[in-house]
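Me: I would like to learn how to read the features of a model like this one. Could you take me through them, giving the general idea before each case?

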Amino acid sequence: MQSLIIHSPILAIAIPLLAAFLTPLIGKFSSKARDIVVIVALAVTEFLVLILARDIYASGLHVYTLGALSPTLATPENFMIPVRIVLEVDAMSVFMGIISATVALAAAIYSISFMKRETGGTKFYTLLLLLTVGMIGLEFTGDLFNMFIFLEILSISGAALAGFRIRYADAIEGGFKYLVISAIGALVVLFAVGIFYGQYNLLNIAALAKVMQYTSLDQLALVLLIMAFGMKLASVPMHMWAPDTYSVAPAGTTPMIYVASQACLYALIRICFTLYGVTMNTSTIGWIIIVLGVLSMFIGVTVAVKQTDIKRLMAYHAISQSGYMLLGIGVGIAVLADPVALAAYGKTAISGGIFHIVNNALYKGLLFLTAEALFFSLGTRDLNKMGGMARNMKYTTIFFIIGALAISGIPPFNGFTSKLMIYESVYQFSPLLAVIAMLVSILTLASFTKAFQSAFTGPALPQYNNVKEVPKPMLIGMGILAVLIVFFSLFPNLVVNTIVNPATDSLINQAGYISSVMGGL
Amino acid sequence: MMSKIVRTITNLFTPFIFMFGLYVIIHGHITPGGGFQGGAVFASGIALLIVAFNSKKVQKHLKEHHLSIIESSGALMFIGLAFAGLAFTFFFNILIGSPIFGQIPPEGSNPGFIWTAGVIPLMNIAVGLKVIAGLSAIVLVMALSSSNVRIEE
């Protein structure tokens with residue numbers, strides 16, 4: 001068990017990768033065996049991430065060096081710098097890892113019955129597993145170049161998944177847009193990594209953070225990184241790909257592509273807090289991120305209100321919700337250099353932003369899955385053509401209500417808790433920002449009331465008389481997320497204290513991150 | 001199908017292209033190149049065959065079905081070698097000091113000892129297999145679909 005915990009950072013990446021290459025072989029013989037392999041691999045990944053998380057909360061962060069004599073030997077003998085591939089998993093990384101693994105598991109279970117209608121299932125599962133590899137790798141890596149590699153894995157598999165149903169023209173468009181945006185983003189990241197390597201001859205995040213000078217080249221690199229990851233996160237004004245891509249991605253993969261965007265948010269946070277930390281001009285960078293957040297929040301929700309395509313509507317809400325996270329984290333960055341303000345409200349703001357990531361992954365994931373369930377049963381995503389579905393699809397209706405109440409921040413749901421944390425702390429920083437955030441929350445409620453009313457209530461429509469509830473695996477996939485939402489809503493204190501606050505502390509603790517790799521050097 | 005001159009030259013050339021591709025793969029750890037580069041050279045030989053003869057004729061001897069099995073096996077072999085080091089760490093070079101590729105070369109310039117570097121040559125071979133199969137399949141499928149052949153999933 002102990003050695004399993006020691007090796008769990010790499011196993012959480014390697015096992016889905018192994019399964020991704022096994023599925024094409026097994027898929028040739030039996031599609032049932034293939035489905036089982038996929039689910040088992042993702043369940044094992046989830047288990048590994050959970051035991052790793054338990055150990056990190058108990059005894060601090062984990063360093064794993066690939067190819068070394070022992071996993072903690074980051075700097076080889078006779079070397080002053082870490083030259084090997086290093087994974088560095090702290091409370092924040094593992095927090096994101098839990099989200100990715102959980103959503104991937106729910107999405108894969110949800111996809112099983114869905115894929116019976118489609119051809120090319122083997123390729124679908126290979127891509128789904130590779131997307132999981134990309135997300136977890138991006139979150140666990142301690143090395144900038146590997147961050148780029150995993151970003152590429154995540155982007156290419158995500159683009160292929162988004163364009164999976166090639167019989168629809170809009171699917172090809174959505175997939176292609178995602179591919180172009182990702183390719184540009186990844187190249188910009190590579191350019192920034194090149195800038196660091198040219199200046200410092202280093203790629204390891206901890207080693208770079210230790211010698212970071214914040215020269216004008218570093219400033220350029222920071223701008224490039226914020227732009228690239230902001231683009232992948234679909235923050236306004238770089239959001240144009242998100243509605244097209246999220247609305248066409250098949251079945252369970254929409255939540256996964258969404259969580260992949262959150263992984264890019266993690267990369268942005270990691271770079272701001274750990275790589276640059278207080279060496280950068282924190283209040284300017286903080287305000288830039290706040291402005292990106294407020295724009296995303298407000299423009300996302302105002303465009304969402306008038307959508308009639310249910311998945312496009314949710315995609316615009318996804319943009320708007322990312323704004324909350326950027327707002328919370330931006331406030332945290334803005335006061336990072338000021339210990340008094342950081343203790344007074346900065347930490348709460350960061351915790352609120354981080355807590356919103358997990359809440360959002362859960363309820364947004366659930367809502368995307370219910371929208372896909374409607375599409376699965378009705379064959380349309382147009383809200384104007386739906387109606388009275390609460391009669392035919394009871395469970396889906398319940399799941400939709402849970403998700404909609406949570407996203408609108410209705411107490412006692414989990415969306416309320418994280419939004420309240422953001423409101424409170426942001427109000428102390430700048431009252432106007434908190435007022436905008438509340439307004440956005442009201443608009444969110446308005447648009448979900450509309451979506452609920454037109455899809456689920458109203459008279460029964462004759463053309464949908466034969467529509468039945470979706471198959472069991474889809475319900476199980478949605479159920480996993482719904483149960484987690486209810487749990488998070490009932491015990492917000494427990495969740496904040498066990499997983500959110502350690503993540504915030506580890507983000508702020510830049511020195512701890514550096515010394516665990518660099519040791520006494 | 002192209003003219004007789006092209007086909008004759010292709011027949012003469014392809015064995016050498018294949019041989020050079022395999023050479024680059026196997027010597028990946030001591031000379032420039034490696035699995036990817038050698039695999040690409042090898043696959044370019046296949047591309048030459050497809051251009052000179054036509055894709056349907058090549059398809060008779062080279063099925064996409066088999067190529068995808070080889071591709072997955074290459075990837076599995078690579079990740080399997082990485083898993084083999086798990087007694088120490090993932091990717092640990094277990095073959096150093098063993099009779100297979102285990103020799104440690106003397107310091108200083110040397111003509112190149114092939115029997116060295118542990119798992120790295122094996123990983124080059126695994127990557128080489130994957131790239132040969134993958135690139136050949138891509139070229140073949142593109143050629144087939146441009147000549148309007150329906151390809152099963």
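Reply: Let us begin with contact: two residues are in contact if their C-beta atoms, placed from the backbone, lie within 7 Å. Please keep in mind throughout that this is a predicted model. Leaving aside neighbours within four places in sequence, Ala14(A) is in contact with Ile79(B), Ala82(B), Phe83(B) and Phe90(B).

Me: How many residues does each chain give to the contact between chain A and chain B?

Reply: Chain A gives 18 residues and chain B gives 16 residues. On the side of chain A that touches chain B, the largest share, 9 residues, comes from helix H1 (residues 2–27) of chain A. By type, the residues of that side of chain A divide into 12 nonpolar, 6 polar and no charged. From chain B, one can look at Phe88(B), which is found in the loop between helix H4 (64–84) and H5 of chain B and touches Leu69(A) and Ser70(A), not counting residues up to four places away in sequence.

Me: Is Phe88(B) buried, exposed or partly exposed?

Reply: Burial is read from a count of neighbours, and a residue is buried if 20 or more other C-beta atoms lie within 10 Å of its own, exposed if 12 or fewer, and partly exposed in between. Phe88(B) has 15 C-beta neighbours inside 10 Å, and therefore counts as partly exposed. Leu140(B), which has its place in helix H5 (residues 119–146) of chain B, counts as buried because it has 23 such neighbours inside 10 Å.

Me: Which residues does Leu140(B) touch, not counting residues up to four places away in sequence?

Reply: Leu140(B) touches Ile50(B), Ser55(B), Val58(B), Gln59(B), Leu62(B) and Glu64(B) on that count. For Phe88(B) and Ser44(B), which are 44 residues apart along the chain, the C-alpha atoms are separated by 39 Å. Taking chain B as a whole, 69% of the contacts between residues at least 6 apart in sequence join residues at least 24 apart.

Me: How many helices and strands are there in chain B?

Reply: Chain B has 5 helices and 0 strands, and its C-alpha trace spans about 55 × 35 × 20 Å along its principal axes. Of its 153 residues, 35% count as buried.

Me: Which residues of strand E2 lie on each of its faces in chain A?

Reply: In a regular strand the side chains alternate between the two faces of the sheet. For strand E2 (residues 86–89) of chain A, Val86(A) and Glu88(A) are on one side and Leu87(A) and Val89(A) on the other, and as these residues are all buried, both faces are covered. Strand E1 (residues 62–65) of chain A runs antiparallel to E2(A) and is joined to it by 4 bridges, with Glu88(A) as the bridge partner of Val63(A).

Me: What does the domain assignment of chain A give?

Reply: The assignment gives domain 1 (1–280) and domain 2 (282–490), whose C-alpha centres lie 23 Å apart. In the contact between these domains, 33 residues of domain 1 meet 40 residues of domain 2. On the side of domain 1 of chain A that touches domain 2, H3(A) gives the most, with 10 residues, and the residues of that side divide into 25 nonpolar, 8 polar and no charged.

Me: Which members of the largest nonpolar core touch the most other members?

Reply: In soluble globular proteins, nonpolar side chains tend to be buried together. The largest nonpolar core here has 239 residues, of which Ala14(A), Ala263(A), Leu327(A), Leu366(A) and Ile485(A) touch the most other members. Both domain 1 (1–280) and domain 2 (282–490) of chain A give residues to this core, so it lies between them.

Me: How far apart are the end C-alpha atoms of helix H18 of chain A?

Reply: The 19 residues of H18 (residues 472–490) of chain A should span 27 Å at 1.5 Å a residue, and its end C-alpha atoms are 26 Å apart, which agrees. Its buried residues include Leu481(A), Ile485(A) and Phe488(A), and the buried residues of H18(A) pack against elements of chain A including H3, helix H13 (339–378) and helix H19 (492–508).

Notes: Residues numbered from 1 in each chain as written. Chains lettered and ligands numbered in written order. Predicted model: local features only at pLDDT ≥ 70, side-chain atom pairs only at ≥ 80, totals over all residues. Helix = DSSP H or I, 4+ residues; strand = E, 2+ residues; numbered from the N terminus. Nonpolar A, V, L, I, M, F, W, Y, C, P; charged D, E, K, R; others polar. Pairing = 2+ DSSP bridges. Domains from an automatic or database assignment. Core = buried A, V, L, I, M, F, W, Y, C linked by C-beta atoms within 7 Å. Expected span 1.5 Å × (residues − 1).
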